[in-house]
Amino acid sequence: MSVKFPAFLDLASRKVVVVGGGPVAASKVESLLSAGARVTVVAPDMCSGIERAEVERVRREFRDEDLDGAWWVVAAAPPAVNRQVRAAADARRVFVNAVDDPQHASAYLGGVVRRDGVTIAVSTDGRAPALAGLLREALDAFLPREIDAWLTASDQARREWRAQKTPMDARRPQLLEILNRLYACNSQRPTSNSQGTPLAAVALVGAGPGDPELWTQRAVRYLGHADLVLYDALVDAGALRRFTNAQCFCVGKRAGRESVRQETIHRLMIRAARRGKRVVRLKGGDPFVFGRGAEEALALAMAGIPFEVVPGVSSAIAAPELAGIPVTHRGSASGFLVLSGHAADAFENGVKAVQPNAVSLVVLMGIGTRQALAEQLVARGWTAATPAAIICGASTAEEWIWTGTLAALGTSEPPAGVAGVIVIGEVVSVRDALAKQATEEKGMRYGRNR
């Protein structure tokens, strides 16, 4: 495959033809109009997005002459039509971007980052658009927030260099000195806020079980001072924007889905901190309860990066509590054991440490293995009739609660894609007792039973 030549196009007031009338074509129309192009859409049928746009609409099948006078062409039609568009464009020496159809394209777009006059484009030659999107997010996370000031300083320096006839090879070292001085000034921020809260370079912050109202005041303060937030998949991204203006990048791990490697997260935190950024690593629940917070703390310590751990409300306690289930209760359980259900060996080693039915068991990351876990416990002497519960989406609008017995745990049907907590023990019976006494007038809330 030949190497592609990167370029940025000035399409202002120039004719651009979009072939296709669906939602994909509409998204391309929007970006073209924002670039000032004169857009003509050719398609027999057009979606509402194109109907509302300020474009010329040609309602019919594509004809070769539609490209006469065009400077740029977007083919967002079926492959057979895209092939015809490519042939007509080649005959007129016009480049074609064929959306998700690289074999019929002569130009390829990618992920684009625009910030204060700086544009960065990432292309995979049409082979992996999702990868281009991931790289775009990573670049966006590391662009300095002071980029507008950098541009202003660079522009001023450029005028001086031209007036002084400074050689080109001497300009880059001088510009680096200018930006270093500017960055040093912008980095002189206080080490504490108005309340005296210390601000470490990196904060490992717990976000609780889901509801942003359960975030601690210290967590919110750190978010308010952050430049970069690396957040988990379980964090409410919409709510996050209410607390920070920082660049936010999702690095969450979800079972069965492609995710960012833990070592990559370490590098992201360390690199950003060394560049003078304030970093918040926002983790669901508590950072040190199956959140790999200790791994991240050790990585930061070994790199010499100052950090602080901000505890969060652990879902191991909060999820049962919000469902009306105490993890300890006099006469039922004087202790509880928190286990991961992700690995069978680790779970088995954990339950070996306690007598059957002697404590409450709280299992995180065990929804997918609940049948096997129940069978393991019964085989080790736990009573099949032991009360059990599953709480999914605790403290959120997606909250879902199931109660039953250990033997029936595998027959439950939790919603897909929602994090859950399993509770096993006599303490689950407290929920039923509370439900009999609770009324809406008393303002008591213990979730929805399933």
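Helices (H or I, at least four residues) and strands (E, at least two) are DSSP runs here, numbered from the N terminus. By that count, the protein chain comes out with 14 helices and 17 strands. What you're looking at is a predicted model, with local features needing pLDDT of at least 70 and side-chain atom pairs counting only at pLDDT 80 or more, while totals for chains, interfaces and linings use all residues. Residues are numbered from 1 along each chain as its sequence is written, and side-chain values use heavy atoms, with hydrogens and water left out.

Let's start with the whole chain. Of the 450 residues in the protein chain, 42% are buried; buried means under 20% relative accessible area, exposed over 50%, and partly exposed in between (1.4 Å probe, protein chains only). The protein chain exposes about 24100 Å², and carbon and sulfur atoms supply 53% of that. Those areas come from the Shrake-Rupley method with a 1.4 Å probe, and for residues only the protein chains shown count as cover. As for contacts (heavy atoms within 4.5 Å), take those in the protein chain with a separation of 6 or more: residues 24 or more positions apart account for 60% of them.

Now to a sheet. Five strands make up an open sheet, in the order E3-E2-E1-E4-E5, with parallel pairing. Strand E3 (56–58) and strand E5 (96–98) are at the edges with a single partner strand each, so one side of each has no neighbour in the sheet. From one strand to the next, the twist averages 20°; the axes behind such angles are lines fitted to C-alpha atoms (for helices, over the stretch in contact), and the angles run from 0 to 180 degrees between N-to-C directions. Two strands pair if DSSP finds at least two bridges between them. Strand E4 (residues 72–75) and E5 run parallel and are joined by three bridges. Within that pairing, Val73 has Val96 in E5 as its bridge partner.

Next comes helix H3 (residues 79–91), where you'll find Asn82. Asn82 counts as buried because its relative accessible area is 1%. Setting aside neighbours within four places in sequence, Asn82 is in contact with Ala75, Ala76, Ala77, Asp101 and His104. Asp101 sits 19 residues from Asn82 along the chain, and the C-alpha atoms of the two are separated by 8.0 Å.

Side chains of opposite charge can pair when their charged atoms come close. The criterion for a salt bridge is a side-chain nitrogen of Lys or Arg within 4 Å of a carboxyl oxygen of Asp or Glu, and the structure holds 12 salt bridges. One of them joins the side chains of Arg86 and Asp90 (2.9 Å, N to O). Both residues lie in helix H3, four residues apart, or about one turn of the helix. Arg86 is partly exposed at 23% relative accessibility, and Asp90 is partly exposed at 40%. Glu51 and Arg59 form a salt bridge too, with their closest N and O atoms 2.8 Å apart. Glu51 is partly exposed, at a relative accessible area of 33%, and Arg59 is partly exposed at 48%.

So where does the salt bridge between Glu296 and Lys283 sit? The side chains of Glu296 and Lys283 meet at 3.2 Å, N to O. This pair links distant parts of the chain, with Glu296 in helix H10 (residues 293–302) and Lys283 in strand E11 (residues 279–283), 13 residues apart. Glu296 is buried at a relative accessible area of 0%, and Lys283 is buried at 2%. Salt bridges with shared partners tie Asp232, Arg281, Lys283 and Glu296 into one network.

Further along is strand E14 (residues 360–364), which is mostly covered: five of its five residues are buried. Ser360, Val362 and Leu364 point one way from E14, while Leu361 and Val363 point the other way, and all are buried. Strand E13 (residues 336–340) pairs with E14 in the parallel sense over five bridges. Across that pairing, Val338 stands opposite Val362 in E14.

Finally, the surface. Leu131, Leu134 and Leu135 form a nonpolar patch there, with about 240 Å² of accessible area together. Patches are made of residues with over 30% relative accessible area and no salt bridge, where like charges are joined within 9 Å and nonpolar side chains (Val, Leu, Ile, Met, Phe, Trp, Tyr) within 5 Å. Leu131 belongs to helix H4 (residues 129–142), and Leu131 is partly exposed, with a relative accessible area of 42%.
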